[in-house]
Amino acid sequence: MRYQKILVVDDEENIRYMLKLALEDAGYEVELAQNGPEALEKLKDSVFECVICDIRMPEMNGLEVLREIQGIRPDLTVIVMSAFGTLDTAIEAMKLGAYDYVSKPFKQDEILLTLKKAEERERLRKENLLLRKEVEKKYSFDNIIGKSTKMQEVFRRIEKIADYKSTVLITGESGTGKELVAKAIHYSGSRRNYPFIAVNCGAIPGDLLESELFGHVKGAFTGAVASKKGLFTEADKGTIFLDEIGDLPLNLQVKLLRVLQEGEIRRVGDTRTLQVDVRVIAATAKDLLEEVKKGNFREDLYYRLNVVPFYLPSLRERREDIPLLVWHFLKKYSAETGKEIKDITPEAMNALVDHEWKGNVRELENIIERAVVMSEEEMITTEYLPEGLVKKAYDITLKIPESRISIKTTVKEIVEIAEKELIARALAKTANNRTRAAELLEISHRALMYKLKEYNM
Ligand SMILES: Nc1ncnc2c1ncn2[C@@H]1O[C@H](COP(=O)(O)OP(=O)(O)OP(=O)(O)O)[C@@H](O)[C@H]1O
Ligand SMILES: [Mg+2]
């Protein structure tokens, strides 16, 4: 990065011209101002990347100029020039945000070198900013978080298909983000300025659902006192999201197939058909092919829906996403509750990573929200996680042989197995330092020595 245009501010004419010559020789474009107000005026009209400003000036001194600049262009690089006796002020200027200072009198090389340093810092700053944005962008798409290759693949596909009208079928367990993905497809595509309408096909009774989706004419059935637009008409040019599509009754499956094939709908009680331009995204947690086999779902509709399939992996299949999601939700709920949760203990994070997550991301989100609400510190510890979740970390399944019956001998053996395991772990962690191992085990040094002997370790 190299500056193009520099503003020099000094009340001494010879300094202004000396700098102008030197900087122009070095290839910069230079403008001059002889006092603060003139400098600020020039900053309004023109794009400068750097200001070199004298400190001691009548009217408005360098510090005041600096303060003003920070109000209008806080990211502008300012280098101050201090004459004899103004070093303290120069240092104060740096505290205020000036990049550096040069002491008068200075050689040309000195100011050029300072500029080079400033340019290099600017380059690094921009690079960092870019990198951070890239990382954020890379690991999230429209608020969908995921760095696993499986989720990255999902993001790529969303981008690829967002602009087309092709029907999309999203499958995945409950809470894997099906609705989130449907919205991302709509809002990142060319239909984003038209409606996104979500319908839960499982929540509305069959006969009502037909008129909900397609509308009805006045008098179509008892209670149809006025005609009604259906959701397909309301979603015109936009997207309709048919959630729980596996629950769509068979008679409506036929009608939906016609919409998909002909692009037209027929209101209940109407003889005419209406043209609609709607993209259909369907979602289900059921195995639709299985439903087809059972005769609950039409095969032709299944293939018509499944033009672009999306499978959302369960959280168990992408545990590497869990820490990222945890941080995402910690941030979200800290902001929502006004609490400042800054960290989470490794034990708590491990427990979260190891959990079964039958309810997937929704379950994780709920647990983090609860932890944030409950937490009395700035840190999430296992104490704020549901009990079952933490215990899971040392879940033991015991297979005790039928022949065993005595508590006395059986329990002793089981304890022995557990103790040996923990002692070995503690010794490994401390490189065989028995004093520190005993601390980790929370037993006395003597007790550890005794056990080592007893277990022949
Ligand atoms: N990858 C993700 N990143 C961030 N938040 C997510 C992610 N996946 C899901 N969520 C959040 O989890 C919750 C559940 O997501 P969503 O409603 O999209 O799931 P679903 O698959 O439709 O679930 P269901 O089948 O139960 O309806 C939402 O609050 C959503 O914001
Ligand atoms: Mg859903």
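User: Where is the place of Pro105?

Analyst: Pro105 is in the loop between strand S5 (100–103) and helix H5 (108–139), where helices (H or I, at least four residues) and strands (E, at least two) are DSSP runs numbered from the N terminus. A cis peptide bond joins Lys104 and Pro105, with omega at about -5°. This is a predicted model, in which local features need pLDDT of at least 70 and side-chain atom pairs count only at pLDDT 80 or more, while totals for chains, interfaces and linings use all residues. Residues are numbered from 1 along each chain as its sequence is written, chains are lettered from A and ligands numbered from 1 in the order in which they are written, and side-chain values use heavy atoms, with hydrogens and water left out.

User: And what about phi of Glu244?

Analyst: Phi of Glu244 is near 50°, a positive value in a residue other than glycine, and Glu244 is in the loop between strand S12 (239–243) and helix H10 (250–262). Most residues other than glycine have a negative phi, and most peptide bonds are trans.

User: Switching to ligand 1, which residues come nearest?

Analyst: Of the 16 residues around ligand 1, Ser174, Gly175, Lys178, Arg362 and Glu365 come nearest, a residue being near if one of its heavy atoms lies within 4 Å.

User: Which polar side-chain atom lies 2.8 Å from an oxygen atom of ligand 1?

Analyst: That atom belongs to Arg362, and the pair is a polar contact (N or O atoms within 3.5 Å). Oxygen atoms of ligand 1 also lie 3.1 Å from a polar backbone atom of Gly177 and 3.3 Å from one of Thr176.

User: Why does ligand 1 lie between two domains?

Analyst: Domain 2 (149–313) and domain 3 (316–394) both give residues to the shell around ligand 1, so ligand 1 lies between them; the domain bounds come from an automatic or database assignment.

User: Which helices supply at least two residues of that shell?

Analyst: Helix H7 (178–188), helix H13 (322–337) and helix H15 (360–374) each do, as does strand S7 (144–145).

Definitions and conventions:
Polar contact = N/O pair within 3.5 Å; in protein donor to acceptor, adjacent residues only side chain to side chain.
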